[in-house]
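Student: I am new to this structure and would like to learn how to read its sheet and helices. Please show it to me, and we can go through it step by step.

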Amino acid sequence: MATAPRTAIVNRNTNETKIQIAISLDGGSLESLLSTSTAPEGHATQASEKQTIAVNSGIGFLDHMLHALAKHSGWSLSLECQGDLHIDDHHTAEDCGLALGAAFKEALGPIRGYKRFGTGFAPLDEALSRAVVDLSSRPYAVVELGLKREKLGDLSCEMIPHVIESFAQTAGITLHVDCLRGFNDHHRAESAFKALAIAVKEATTRTGSDDVPSTKGVL
């Protein structure tokens with residue numbers, strides 16, 4: 001079965017944020033989607049033959065989490081956001097999650113020939129997180145990270161699960177993410193994003209068929 005490139009470019013512009021995302025779920029170069037002259041620059045960047053990642057949301061810890069998500073999902077990702085951070089971090093964090101979910105859904109295409117379900121566990125020192133993903137076309141998210149601090153860097157801890165929830169909403173997927181143990185909030189959050197990445201990578205694995213992975217015959 002021929003496999004189409006799983007790529008997308010999404011622009012999401014509101015009065016609160018302006019976001020541009022280019023994504024390839026199979027890694028590789030993003031040059032055909034996004035010119036290097038407009039690719040974001042920042043600390044959350046990584047380039048190799050297999051992946052290109054550059055994330056600049058304006059919020060350092062959010063960049064760190066989205067970088068981890070892209071890296072361990074096997075994506076190439078370019079994300080740039082100009083947001084109203086003079087107000088607070090809410091609009092930027094939420095809208096990055098929404099835009100990323102929309103780009104993921106567009107790149108994924110119809111849910112045919114996919115494994116559909118994925119699970120992931122990721123430790124980070126004393127922290128351990130679990131994620132379960134279903135490409136269900138029914139947006140739902142349960143995220144329990146047990147974060148205790150008010151902020152991690154410039155990102156409010158209450159926004160960390162909300163980013164994941166926002167991603168699930170526009171991606172059209174069901175996900176459950178739990179931090180099972182750990183006392184360092186940075187470790188708890190990062191292990192959660194890494195576990196989510198592992199689960200997403202498994203769920204989006206191609207099976208080699210063109211079947212809809214559902215008893216209903218439709219997803």
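Student: Across which strands does helix H3 (residues 159-171) lie?

Tutor: Some ground rules come before the answer. This is a predicted model, in which local features need pLDDT of at least 70 and side-chain atom pairs count only at pLDDT 80 or more, while totals for chains, interfaces and linings use all residues. Residues are numbered from 1 along each chain as its sequence is written, and side-chain values use heavy atoms, with hydrogens and water left out. Helices (H or I, at least four residues) and strands (E, at least two) are DSSP runs, numbered from the N terminus. Helix H3 lies across S8 and S11, and runs at about 165 degrees to S8. Axes are lines fitted to C-alpha atoms, for helices over the stretch in contact, and angles run from 0 to 180 degrees between N-to-C directions.

Student: What is the order of the strands in the open sheet?

Tutor: Strands of a sheet pair through backbone hydrogen bonds, either parallel or antiparallel. Two strands count as paired if DSSP finds at least two bridges between them. Here four strands form an open sheet in the order S6-S7-S11-S8, with mixed pairing. Strand S6 (117-124) and strand S8 (140-144) are the edge strands, each pairing on one side only. Strand S7 (residues 127-134) pairs with strand S11 (residues 174-181) in the antiparallel sense over seven bridges. Ser129 has Cys179 in S11 as its bridge partner.

Student: Which helices pack at an angle of about 30 degrees?

Tutor: Two packed helices are described by the angle between their axes and the distance between the axes. H1 and H4 pack at that angle, with axes 7 Å apart. That makes H1 roughly parallel to H4 (angles under 35 degrees count as roughly parallel).

Student: Which residues of H3 meet H4?

Tutor: Ile160, Val163 and Ile164 in H3 meet Ala189, Phe193 and Leu196 in H4 (contact means heavy atoms within 4.5 Å). The axes of H3 and H4 come within 11 Å and cross at roughly 10 degrees. H3 is therefore roughly parallel to H4.

Student: How many residues of H1 are buried?

Tutor: Buried means under 20% relative accessible area, with a 1.4 Å probe and protein chains only. H1 is mostly covered, with 10 of its 14 residues buried. Among them are Phe61, Leu62 and Asp63. After H1 comes Gly74, whose phi is positive, near 85 degrees.

Conventions
Buried means under 20% relative accessible area, exposed over 50%, partly exposed in between (1.4 Å probe, protein chains only). Angles under 35 degrees count as roughly parallel, over 145 as roughly antiparallel, 65 to 115 as roughly perpendicular and the rest as oblique.
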